Amino acid sequence: MALRHLRLAPIFKKLTRLENSDLLKSKNQYKLLCRLSHFTYVPDTVSASDGETTRMNLFQSVTNALDIALAADPSAVIFGEDVAFGGVFRCTVGLQDKYGRDRVFNSPLCEQGIVGFGIGMAVAGATAIAEIQFADYIYPAFDQIINEAAKYRFRSGNEFNCGGLTIRAPYGAVGHGALYHSQSPEAFFAHVPGIKIVIPRGPLQAKGLLLSCIRDKNPCIFFEPKILYRMAVEQVPLKDYELPLSKAEILTEGDDVTVIGWGTEVHVLREVCQLAQDKLNVSCELIDLMTILPWDKETVINSVKKTGRLLIAHEAPLTGGFGAEIAATVQNECFLNLEAPIERVTGHDAPFSHVFEPFYIPSKWRCFDAIKKLINF
């Protein structure tokens, strides 16, 4: 392991210099990322009351949140595969230099061990921030998350808990990840009481939601849409701030169709809502769920009672996807308000494709067709 790190160290140092260069921050690179994506990123804005801001992409906002957490909490530690060098996506770059090897350190290539170690740290009273290099490789840690972290408080009658544990993982489609680097596994974990699952849509949310997860007294899984790491750029407040967990956000108010997504799909749905307005004169209410578990039922139900129609979109496969849980809840709570059957636009019940990724993901055209079905029912 040590030899492997010695071989990788020069590469990571070169990558760090590249990350900080003008080349990576150039408008041309940003335009290229946008052209290769299946959506247009629209940044959120902050008010003057939020204080001083600086331009950050999503991975930089994650780094900033981790920096604040380490500075504010001397018990906080970060660990995972290659995090000492900054990680594959550069989210921990510079943190070991600033806080030392005892607080930011590499782990063996063992996801079960990473999460198990994090549980132990959290039980002992530390704030443990574990990184799984890709969400696709979180499955070896499934037993530790489900049978240990999620149940620890309950089985001890609240005498012990591992609420100081946060598990970060890059997740979702990236344009070229294929079946082992593009999965969206949130529904697997949503079945289990005792953990929280959070997915941001951009840098502003990433910083505030990650700090909330780190400080929450329950174990949290924080999925970071990897395609947004560099593409999503916003003015982010420099101050320490938190955003509430389990609270959805209505991004666009509307009267005809409720549209729900999370993570990257929110940006696809922004375009869908605009298409529906321009081509069909249909007013869509767009909701970013943000927290998958426990999710904000009240906001969704109130919206569907107003519009009478619901479209849910996510990148994970259709069968057993979290959209099914939302649909079941809405059908139960809003049955007499529904004007059409609930529509779900999702990934397919097949391994995530490589060259056929554009046909796999819930594109804006698939979602637009679903809105037409809802309106014409």
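Reader: Is Asn 158 buried, partly exposed or exposed in this predicted model?
Author: The model is predicted. Asn 158 has a relative accessible area of 49%. Exposed means over 50%, and buried means under 20%. The value falls in between, so Asn 158 is partly exposed.

Reader: Where is Asn 158, and what is its phi?
Author: Asn 158 sits in the loop between α7 (152-155) and β5. Most residues other than glycine have a negative phi. Asn 158 is a residue other than glycine, yet its phi is positive, near 70°.

Reader: What is the phi of Ala 178, and is Ala 178 buried or exposed?
Author: Ala 178 is found in the loop between β5 and α8. Its phi is positive in a residue other than glycine, near 60°. The relative accessible area of Ala 178 is 12%, so Ala 178 is buried.

Reader: Which residues make the nonpolar surface patch with Leu 179?
Author: Leu 179 is in the loop between β5 (165-171) and α8 (186-190). With a relative accessible area of 37%, Leu 179 is partly exposed. The patch covers about 290 Å². The residues that make it with Leu 179 are Tyr 137 and Tyr 180.

Reader: How are helices α5 and α6 oriented to each other?
Author: Helix α5 spans residues 111-123, and helix α6 spans residues 142-149. Their axes come within 8 Å and cross at roughly 25°. Angles under 35 degrees count as roughly parallel. Therefore α5 and α6 are roughly parallel.

Reader: Which residues of α5 and α6 make the contact?
Author: Helix α6 brings Asp 143, Gln 144, Ile 145, Glu 148 and Ala 149. Helix α5 brings Gln 112, Val 115, Gly 116 and Ile 119.

Reader: How many salt bridges does the structure hold?
Author: One of them pairs Glu 224 with Arg 168. Another pairs Arg 201 with Asp 288. The structure holds 17.

Reader: How many residues apart in sequence are the parts tied by Glu 224 and Arg 168?
Author: The closest N and O atoms of Glu 224 and Arg 168 are 2.6 Å apart. Glu 224 lies in strand β7 (residues 220-225), and Arg 168 lies in strand β5. So the pair ties together parts that are 56 residues apart.

Reader: Are Glu 224 and Arg 168 buried or exposed?
Author: Buried means under 20% relative accessible area. Glu 224 has 0%. Arg 168 has 1%. So Glu 224 is buried, and Arg 168 is buried.

Reader: How many residues apart in sequence are the parts tied by Arg 201 and Asp 288?
Author: The closest N and O atoms of this pair are 2.8 Å apart. Arg 201 lies in the loop between β6 (196-198) and α9 (203-215), and Asp 288 in strand β11 (residues 284-288). So the pair ties together parts that are 87 residues apart.

Reader: Which helices does the salt bridge of Glu 271 and Lys 364 tie together?
Author: The side chains meet at 3.0 Å, N to O. Glu 271 is buried at 17%, whereas Lys 364 is partly exposed at 23%. The two residues are 93 residues apart in sequence, so their bridge ties together helix α11 and helix α15.

Reader: Which residues does Asp 67 contact, leaving aside neighbours within four places in sequence?
Author: Asp 67 lies in helix α3. Its relative accessible area is 18%, so Asp 67 is buried. Its contacts are Leu 95, Lys 98 and Tyr 99.

Reader: What distance separates the C-alpha atoms of Ser 75 and Pro 170?
Author: Ser 75 lies in the loop between α3 (58-72) and β2 (76-80). Ser 75 and Pro 170 are 95 residues apart along the chain. Their C-alpha atoms are separated by 24 Å.

How values were computed
Residues are numbered from 1 along each chain as its sequence is written. This is a predicted model: local features need pLDDT of at least 70, side-chain atom pairs count only at pLDDT 80 or more; totals for chains, interfaces and linings use all residues. Side-chain values use heavy atoms; hydrogens and water are left out. Patches are made of residues with over 30% relative accessible area and no salt bridge: like charges are joined within 9 Å, nonpolar side chains (Val, Leu, Ile, Met, Phe, Trp, Tyr) within 5 Å. Accessible areas come from the Shrake-Rupley method with a 1.4 Å probe; for residues, only the protein chains shown count as cover. A salt bridge is a side-chain nitrogen of Lys or Arg within 4 Å of a carboxyl oxygen of Asp or Glu. Helices (H or I, at least four residues) and strands (E, at least two) are DSSP runs, numbered from the N terminus. Buried means under 20% relative accessible area, exposed over 50%, partly exposed in between (1.4 Å probe, protein chains only). Axes are lines fitted to C-alpha atoms, for helices over the stretch in contact, and angles run from 0 to 180 degrees between N-to-C directions. Angles under 35 degrees count as roughly parallel, over 145 as roughly antiparallel, 65 to 115 as roughly perpendicular and the rest as oblique. Contact means heavy atoms within 4.5 Å.
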